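Q: Please take a close look at a single chain of this model. Walk me through how it is built, then turn to a neighbour that touches it.

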Amino acid sequence: MEGSLILLFPVILPILAGLLAGTVPLFREKKPCRIWTGCFLLLSSALMLFCAWKKPGEGLTLWRFTESIPVRLSLDSLSRFFLALTAVMWPMAGFYSFEYMDHEREEHRFHAFYLATQGILSGLTMADGLVTFYLFYEAMTLITLPLVLHTRTREAIAAAVKYLIYSVFGASAALLGIFYLNHACATLSFVPGGSLLLPPDGRGALLWVSLAMILGFGTKAGMFPLHGWLPTAHPEAPAPASAVLSGVITKMGVLGVIRVVFYCVGADALRGTWVQTVWMSLALITVFMGSMQALSEDLFKKRLAYSSVSQISYILFGLSTLTASGFEGALLHVLFHSAIKITLFMTAGAVICKTGLTRVSGLQGLGRRMPLVFVLFTVVSLGLIGIPPTGGFISKWFIAAGALDLSSGFAFAGPAVLLLSAILTAAYLLPVSIRGFFVPVSSGHGAEPSAPESPVKRVKVGPLIWVPMLLLTLLTVAGGMFPDRLVSFFRLTASGLL
Amino acid sequence: MDLQALLDNRAEAAAIILFGIGLTTLLLHRNLLKKVIGFSFMDSAIFLFLASEGYISGRAAPIQSAASDLPASAFINPLPAGLVLTGIVVSVSVTALMLSLTVRLYERFHTLDLDRIVRLAREDAAVSVGAAAPVGKAERKAGTNADAGAAVSAGKAEQKSEKDAALPDPERRDR
Amino acid sequence: MPWWQNIPFFSVLLFLLSAAVCSVLPPAGARRWSRAVLALCLLFSGLLAVLLLHSGGAPVHYRMGHFPAPWGNELRFGALEALLAALFSFVMLCALLAGGGELRGRAGLSRESLYHTLCMLLMAALLSQVYSNDLFTCYVFLEIMTLSACALIVYRNSGRSLAAGMRYMVLNMVGSGLFLLGVVLLYDLTGHLLMEPLGASVASLAVSGAYRRSLTVIIALITVGLCVKSALFPFHTWVPDAYSAGAAPSNAILSSLVSKGYIVLLLKILLRVFGWNPVVLSRVDLLLLLFAWSGMVFGSLGAISASGLTRMTAWSSVAQIGYIFLGLALGPAEGFRAALFHLAVHACSKSLLFLSGAKLREAAGGGDGFRALAGAARLRPVFGVCWTAAAFSMVGLPFTGGLVSKLLLGSAALGRSLPVAAVSLGVLALSTLLNVRYFLRAALILWSPGNVASARSGRDPAAALACGALALAVVLSFVFASPLLEAVSAGLAAF
């Protein structure tokens, strides 16, 4: 073990804390468990932010896997961004879960795995080299599994198995690619711009392998045709779990794609090939299809899940253009979609845990009963649609600009689909707000016959729910109004890659 | 292939044919006893092959005594004979084990047909698994669970010893 | 000759003597004796491996009897043989420790000594396979191994185990017959039984081009014979019964030691006697590839449709043997290294699956069906964790040795021609997926909140210790993959 040991702490600390939270009998009580979890969530996040900010120059080699493959952590600008993202988002949903989990059993188990996942995610974002990345990636899949099947109903277990099979399939596709790249690249460590050794005329197999890896990591990001786990797993998981699943975990699939394309294979090797065409087409298909399915879905969380499918493919589409502005837009959308989608799921969760309603068609008048939650929901919805001054506008602008830089037919098709999908996004999100605020309770609540009949009575929503939502909404709006620092940071990152 | 070559190597040819007969009998015949016979055939064929390889016509058996001072070239190769002897020992022990298994199986299932035995054993196992499941516990009669009691003894003493063995068995503790 | 060069011979002798001793000792004494002997052998084999690794890696020839090399009998060992011996004694020790409770509970007291006798006999045979340099000696001990393994299956004496034992014997005798015929033909062709003179003769035959067809037949006979005995795919029909009918330690020993003994022997013959080129010329490597690929897929399919935990584990052996043979078929250096590494990982994790699985079953009331086992891991969390670790290793998930072997197999496959590499990688991915399907489903069932309330509060520290040691081995084989692989490579070079 050599290098700066500080990098190890954000990985080890939450895992140990999670282990204790899961095993020590004291934490079966609600209160000590929450205090413990809350402290360590904050402490780990502080450590992560410290690492991301201070950027210790040298990495940390944990051990050598084989002669040429070390297991190594280090920080480049991409990992700093993702590390900071995780550090911000993770405790938000964590604190939210304290109030949400009141109506679930075995709370300590959830918190234990939640904490441990934070450590794994730190390792994943800081991983230097595909093998290290793969190790943490698989570990992430396994350790988030108990979060998905927390309720342990039959459906939850089925959903978890589906999640597992999709993830492991994606990861094994990626693993096969790693075998190949071990021969085809100079190193499996991440080098900006890639370290490909193959001559330009010997890349037939490389293209197939790249596609397999994009699809493999794209599985986690919900890219068509392997998006099926997302709409199944999200409704079954507890709301904070679906929030981070959608907001953070799926982004790790994006990170994997970025690492492969821009740091191992190199964007130049893919530019103009059929792989880029296929990738862009798949991303656009997913964008459109996700929106359409969200539109026709009545189950609130499932609608949000389809929305995730669609929105994360915005990110993938931005990346697939292989242009600087597409890349910047993609990273911006990683940030904003994460903040927005977590807020949206928090809304769904607040509705579920306070009223028990799960369907969009049953939400009449709920806006007047929990006004703050619904106002925040409306604001971030506008962000997701892409209405200025929210962040969603900025990121989509850059993605579209990246598409317009292309010379192929995608220069027109891309922005067109994005625009269409934005309209669809409005069509599936705004009705929630409209129903919540403007549709009177009495009309047509046949879908939820058990809905409580006292419309004027306010639902009490605790600060653990609305404070994280408020912060994330502020982040979305502020990021949209003052994006300069972020854009220049991403521009700097992109300039080293393209 | 000319006939002379076959004739010159008649022992080897016979050995290979016998091996084939033995192998097919061992594999394809359903009767356990015939399987054992097939196995013996197979091994004997190999011993025949070995012995015929070691034999050199016109030479003496490799027994050296103080009286005779013949050179080594006067004897046949002794090693194959040694191998055959070792092989026979192995073959006999395998045959013994297979026969004893056959006896046990016959006592239990009253047939020598392996396919039937396997089928009966599956049903047997299904019964005992069903009995071990918590649902079937109440209806189960003593002495039907062949699997649990059988560990103690086979044959005629089975009925008796089974009841003795039943008590420490974990599956029956709460009965 | 330094004293430590006597270790292999005396460990074989010690096990043979112990077999006799155990048969006359009372059960408790036999138990203690066999554990002590196994621990001793583990210790000294490990010591031998270290010494051999540090002495430059040249193999040692140990003459037995009066006659020198081309005629007499000898042992030949390098670091790899010593490592394998240590591995085998470790797994056997763990199996006896963890299964001790079941042996005591299940059978009458007088028979437990016999069980230990069989185990000692099996160890003697295994170690001779590993150490001996003489083909016929290997054959004799091969049969001893088969016989004692069969006796281990039928130890429970239930109808099912007797039938399984009989099927086991029938197919194994077919394998032995083919193997013996191959050996005899080879002896006929070359006049040697020691592996190195044999190898030289075969090499000269291959160069001169004489007896091409005979050589092909011999290679095919020996390879197929050993494939049948180690239950490679189309010859696997006896496996699901044989590996699930016996007592838990029998299952563990059979699946993780006996089949591995045959594979080590095959590897030795491929390397020392045939050399890789004649094998490739005879196309037997393609045959092995085909068997291995289909085994990896069909074994997993069988496991998916299996009705109970033990049967599922037994079926998964078919798939895992396919992995090992895939490594063998991918050729020397990289492929063999992958095969050996997976052999070790599989020996540890498969026995762990059987042993901890048996403990879980015992906790859940004895039923083998998945419904009866729901929640068993929560009753016995130690064994649950061990079982899960082993299952992860089977799938090849990170932080277990299974991932390393998958990695090695993948990179070995990439060294071959494109179609072979593509199919191998594809099958590897498919098999991983299927493995996830049944192992992780079973893990989920084991950890689900079950309806099992009959928690038997029987504590079994020895079993916990043994399972923990095996689980630790599974994890450490990941963490220390690099030095382990170096040792295996060094040993393989002198194999």
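A: Two residues count as in contact if their C-beta atoms, placed from the backbone, lie within 7 Å. Keep that in mind for chain A. Take its contacts with a separation of 6 or more: 81% of them join residues 24 or more positions apart. One caution: this is a predicted model.

Now the elements. Chain A has 19 helices and three strands.

Next, the overall dimensions. Along the principal axes, the C-alpha atoms of chain A fill a box of roughly 70 × 55 × 40 Å. The radius of gyration of chain A is 22 Å. A compact globule with 498 residues would have a value near 23 Å, so chain A agrees with that expectation.

What about the inside? A residue is buried if 20 or more other C-beta atoms lie within 10 Å of its own. By that test, 62% of the 498 residues in chain A are buried.

Finally, the neighbour. Chain C meets chain A through 21 residues of chain C and 24 residues of chain A. On the chain C side, α18 (401-414), α19 (418-447) and α21 (481-493) each give two or more residues. The top contributor there is α19(C), with nine residues. What kinds of residues make up the side of chain C that touches chain A? That side has 14 nonpolar residues, five polar and two charged.

Notes:
Residues are numbered from 1 along each chain as its sequence is written. Chains are lettered from A and ligands numbered from 1 in the order in which they are written. This is a predicted model: local features need pLDDT of at least 70, side-chain atom pairs count only at pLDDT 80 or more; totals for chains, interfaces and linings use all residues. Helices (H or I, at least four residues) and strands (E, at least two) are DSSP runs, numbered from the N terminus. Ala, Val, Leu, Ile, Met, Phe, Trp, Tyr, Cys and Pro count as nonpolar, Asp, Glu, Lys and Arg as charged, and the others, Gly among them, as polar. The radius of gyration is taken over C-alpha atoms; the globule rule is 2.2 Å times the number of residues to the power 0.38. A residue is buried if 20 or more other C-beta atoms lie within 10 Å of its own, exposed if 12 or fewer, and partly exposed in between; C-beta atoms are placed from the backbone.
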